[in-house]
Amino acid sequence: MIRKIGVVAGAGALFFLAAGAHADNGLAIELGRGDENTNLLRLSLIDTWRKGESAAPDWHLAGYWEFSAGIWDNREESVAEVAATPVFRFARSSFYVEGAIGLHLVTTHISAARVFSTSFQFGEHLGAGYRFGPGRRYDLGVRVQHISNGGLREPNPGINFVLVRFQYELE
């Protein structure tokens, strides 16, 4: 229990240190489930770097940085992570699809059977969602995410998550 509290405290401290990275357009929370019944909780700060510009009739391309910190937990281990991810979003009206490849720093033990060889990992996701409410400030989406070191070093067990994400836009 003390180890889990330490991991959460460390992830939280790194999350608030990332706040100085000019991420001030929105806040997001993600909940998910991954391989080996690994639960995930992630908090993110959002910094929009590209507002929706026309890419095709009725479609708009947007982009944002996602600075996040999270905790993964299963019966055997707790894993802390921090990440920086540029996300590309293709939207039509209130609906969107998005994709991203970002950089993650994680503690290396996932479970007794899974150990990352390095703390440096890549995280890629595909997602879809819906923006709603006054000024479309609320965003509810689903993501499928894979995190691994991209074959840089063995072992490279990787881990997959299915995530539900809620975002609130501040501006």
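**View 1. Leu163 and its partners in the predicted model.** Leaving aside neighbours within four places in sequence, Leu163 is in contact with Glu30, Leu31, Gly32, Leu40, Arg42, Gly141, Val142, Arg143 and Gln145. Keep in mind that this is a predicted model. Leu163 also belongs to the largest nonpolar core, which we visit next.

**View 2. The largest nonpolar core.** Ten residues make up this core: Leu40, Trp72, Val79, Val106, Ile110, Phe116, Ile147, Ile159, Phe161 and Leu163. Strand β8 (residues 159-169) gives the largest share of the core, three residues. Apart from this core lies another one, of five residues, including Ile46, Tyr64, Val87 and Ala100.

View 3. Look for Glu81 in strand β4 (residues 78-92). Is Glu81 buried or exposed? Glu81 counts as buried because its relative accessible area is 1%, and buried means under 20%. Its side chain makes a polar contact with the side chain of Trp72 (3.5 Å), and another with the side chain of His104 (2.9 Å).

**View 4. Stepping back to the whole protein.** Here you can find one helix and eight strands, following the pattern α-β-β-β-β-β-β-β-β along the sequence. Of the 171 residues, 42% count as buried. The protein exposes about 8900 Å², with carbon and sulfur atoms supplying 66% of it. Among contacts between residues at least 6 apart in sequence, 55% join residues at least 24 apart.

Terms used. Residues are numbered from 1 along each chain as its sequence is written. This is a predicted model: local features need pLDDT of at least 70, side-chain atom pairs count only at pLDDT 80 or more; totals for chains, interfaces and linings use all residues. Side-chain values use heavy atoms; hydrogens and water are left out. Helices (H or I, at least four residues) and strands (E, at least two) are DSSP runs, numbered from the N terminus. Buried means under 20% relative accessible area, exposed over 50%, partly exposed in between (1.4 Å probe, protein chains only). Contact means heavy atoms within 4.5 Å. Accessible areas come from the Shrake-Rupley method with a 1.4 Å probe; for residues, only the protein chains shown count as cover. A nonpolar core is a set of buried Ala, Val, Leu, Ile, Met, Phe, Trp, Tyr and Cys residues joined through side-chain atoms within 4.5 Å. A polar contact is a pair of N or O atoms within 3.5 Å; within protein, one must be able to donate a hydrogen and the other to accept it, and residues adjacent in sequence count only if both atoms are side-chain atoms.
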